[in-house]
Amino acid sequence: MAADVVCVGIVCTDVLIRGVDLSTPFTAESKHAESTAIGIGGDAANEAIVMSRMGVSTKLIAGVADDAVGSFIINSLNDFGINTDSMVVAEGGKSSMNIVVIAPDGQRNFINSGHPESLNYEPDVSQLTGAKI
């Protein structure tokens, strides 16, 4: 199915932990968080979500694995109304996940799973046919 906009790039799951005091070392202790959330991230996915929210027919081409995180990513994108028919799903891999610790002053610190499924895929360029952007 053709889309007006096709985004190609990175998608991941972000675990956002807000309001953590990082002014002291974090050693063998528990720290309080103001809030936590799980969402979708990655530059291509973020742009696809914005375009879809604006009512633009949008497709995302990105790589995930056939794991629970990859399923969460695809299901979440579908919930946003994004066409995921051209997503590349790697068998037996691990989808990319970021843990984002956000200090009260807004400073963000990332821990990344570093799994390459979000980077090492061959997009089907024929899926760009008919797209305006």
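**Pocket, sheet and a loop residue**

Modeller: In this predicted model, strand β2 gives four residues to the lining of the largest pocket, the largest share.

Colleague: What is the volume of that largest pocket?

Modeller: The volume of the largest pocket is about 230 Å³. Its lining is made up of 14 residues.

Colleague: Which residues lie nearest its centre?

Modeller: Asp14, Leu16, Asn46, Val100 and Arg108.

Colleague: And which strands each supply at least two residues of the lining?

Modeller: β2 (12–18), β3 (35–41), β6 (97–102) and β7 (108–112).

Colleague: How many of the lining residues are nonpolar, polar or charged?

Modeller: Six are nonpolar, five polar and three charged.

Colleague: Back to Val100. Where is its place, and is it buried or exposed?

Modeller: Val100 sits in strand β6. Val100 is buried, because its relative accessible area is 2% and the cut-off for buried is under 20%.

Colleague: What does Val100 touch?

Modeller: Leaving out residues up to four places away in sequence, Val100 touches Asp14, Val15, Leu16 and Ile17, and also Arg108, Asn109 and Phe110.

Colleague: Changing topic. Which strands form the open sheet, and in what order?

Modeller: Three strands, in the order β1-β4-β5, and the pairing is parallel. β1 (5–9) and β5 (88–90) are at the edges with a single partner strand each, so one side of each has no neighbour in the sheet. From one strand to the next, the twist averages 15 degrees.

Colleague: How many bridges join β4 to β5?

Modeller: Three bridges join β5 to β4, which covers residues 58–65. In one of the pairs, Val64 has Val89 in β5 as its bridge partner.

Colleague: Which helix packs on the sheet there?

Modeller: Helix α2, residues 68–79, which touches β4 and β5. The direction of α2 makes about 170 degrees with that of β4.

Colleague: One more. What is the phi of Ala28?

Modeller: Positive, about 45 degrees, although Ala28 is not a glycine. Most residues other than glycine have a negative phi.

Colleague: Where does Ala28 lie, and is it buried or exposed?

Modeller: Ala28 is in the loop between β2 and β3. Ala28 is exposed, because its relative accessible area is 91% and exposed means over 50%.

Conventions:
Residues numbered from 1 in each chain as written. Predicted model: local features only at pLDDT ≥ 70, side-chain atom pairs only at ≥ 80, totals over all residues. Heavy atoms only, no water. Pairing = 2+ DSSP bridges. Axes fitted to C-alpha atoms, helices over the stretch in contact; angles between N-to-C directions. Contact = heavy atoms within 4.5 Å. 1 Å grid on protein atoms, 1.4 Å probe; cavity = no way out; pocket = protein on both sides within 12 Å on 5 of 7 lines; lining within 4 Å. Points joined across faces, edges and corners; volume = space filled by probe spheres on them. Nonpolar A, V, L, I, M, F, W, Y, C, P; charged D, E, K, R; others polar. Buried < 20%, exposed > 50% of the residue type's maximum accessible area, 1.4 Å probe, protein only.
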